[in-house]
Amino acid sequence: MKPIKISAGLDGSHRGLTDLYPEGEIALRDALADKPDFITEWWGSKHEIASARVFRGSGQVTVETSVSDDFDTPGRGERTGEWDTLEQVLKAIDLAWDDAIKDQKENRCYDGFSILKGNSWVETLILPRGDGLYFDSPPGDYYEWYWQGDFEIPETVKTFFMAMAHEGQTIEKDGFILEPWEKTPTPTETLMQPINHVLDTITGDC
């Protein structure tokens, strides 16, 4: 396979994975227009913890994406098709990026929450889940399990938030707000998801 260089420096795209810098966009467009099989380097995004690469073999183009977070949680996505234009490949990268994010959510060993007082952040709560139950501390270099000790919160509020955190919803007590990083859909929202998908298909929003 012919190697294709996408980035001149550390990053190949500005925002997201498809906002390629000019040199990378030209290189990928030319590779798709040419006949030989090729493989790009992995390129990263300046503003996201994400990377992608593209290769073509036996008439099929494959895009691969990879994401991570502050807890070193991996996520991978992949799409394959008979594409020959840059626009088709960039759309496939976006779809594979969505797949990688979904994969990462399934791989998480933590649930994170921000504690607000008014509109200001004051504390962070990190709870273990899945494999995280066997770890002494969360993966990565920034957090500890449970309260981070950034702000003095009344014990009654802490106890209440710990008891309610599993619901995955925004909760208020005594002027403090528990805000989950990833909300759990309510029963009504879960029931509406298939209907909303159909509506998005009809209106072209998906």
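A residue counts as buried when its relative accessible area is under 20%, as exposed when that area is over 50%, and as partly exposed in between. Tyr110 has a relative accessible area of 5%, so this residue is buried. The structure described here is a predicted model.

**Aromatic pairs**

A pair of aromatic rings is described by the distance of the centres and the angle of the planes. Rings pair if their centres lie within 6.5 Å, and by this rule the model has seven aromatic pairs. One of them joins Phe71 and Tyr110, and this pair is stacked. Phe71 is in the loop between strand S6 (60–67) and strand S7 (75–81), while Tyr110 belongs to strand S8 (residues 110–117), so the pair ties together parts that are 39 residues apart in sequence. Phe71 has a relative accessibility of 4% and therefore counts as buried.

Tyr110 also pairs with Trp181, and because their planes stand at 75°, this pair is edge-to-face. Trp181 lies in the loop between strand S12 (176–180) and helix H4 (187–203), and Tyr110 in strand S8, so this pair ties together parts that are 71 residues apart in sequence. Is Trp181 buried, partly exposed or exposed? Its relative accessible area is 35%, so Trp181 is partly exposed.

The two pairs compare as follows.

| Pair | Distance between centres | Angle between planes | Type |
|---|---|---|---|
| Phe71 and Tyr110 | 3.9 Å | 25° | stacked |
| Tyr110 and Trp181 | 6.4 Å | 75° | edge-to-face |

Phe71, Tyr110 and Trp181 belong to one aromatic cluster, together with Tyr143.

**Charges over rings**

Lys117 has its charged end over the ring of Phe176, 4.3 Å from the ring centre. For Lys173 the ring is that of Phe160, with the charged end 5.2 Å from its centre.

Strand S8, which holds Tyr110, is part of an open sheet of five strands. Their order is S10-S9-S8-S12-S11, and the pairing is antiparallel. Which strands stand at the edges? They are strand S10 (146–147) and strand S11 (171–173); each has a single partner strand, so one side of each is left without a neighbour in the sheet.

Strand S10 pairs with strand S9 (residues 120–128) in the antiparallel sense, over two bridges. Leu125 has Trp147 in S10 as its bridge partner.

Helix H3 (residues 155–164) lies across S8, S9, S10, S11 and S12. The helix runs at about 160° to S11.

Key
Residues numbered from 1 in each chain as written. Predicted model: local features only at pLDDT ≥ 70, side-chain atom pairs only at ≥ 80, totals over all residues. Heavy atoms only, no water. Phe/Tyr/Trp six-rings, centres within 6.5 Å; stacked < 30°, edge-to-face > 60°. Helix = DSSP H or I, 4+ residues; strand = E, 2+ residues; numbered from the N terminus. Buried < 20%, exposed > 50% of the residue type's maximum accessible area, 1.4 Å probe, protein only. Lys NZ or Arg CZ within 6 Å of the ring centre and 35° of its normal. Pairing = 2+ DSSP bridges. Contact = heavy atoms within 4.5 Å. Axes fitted to C-alpha atoms, helices over the stretch in contact; angles between N-to-C directions.
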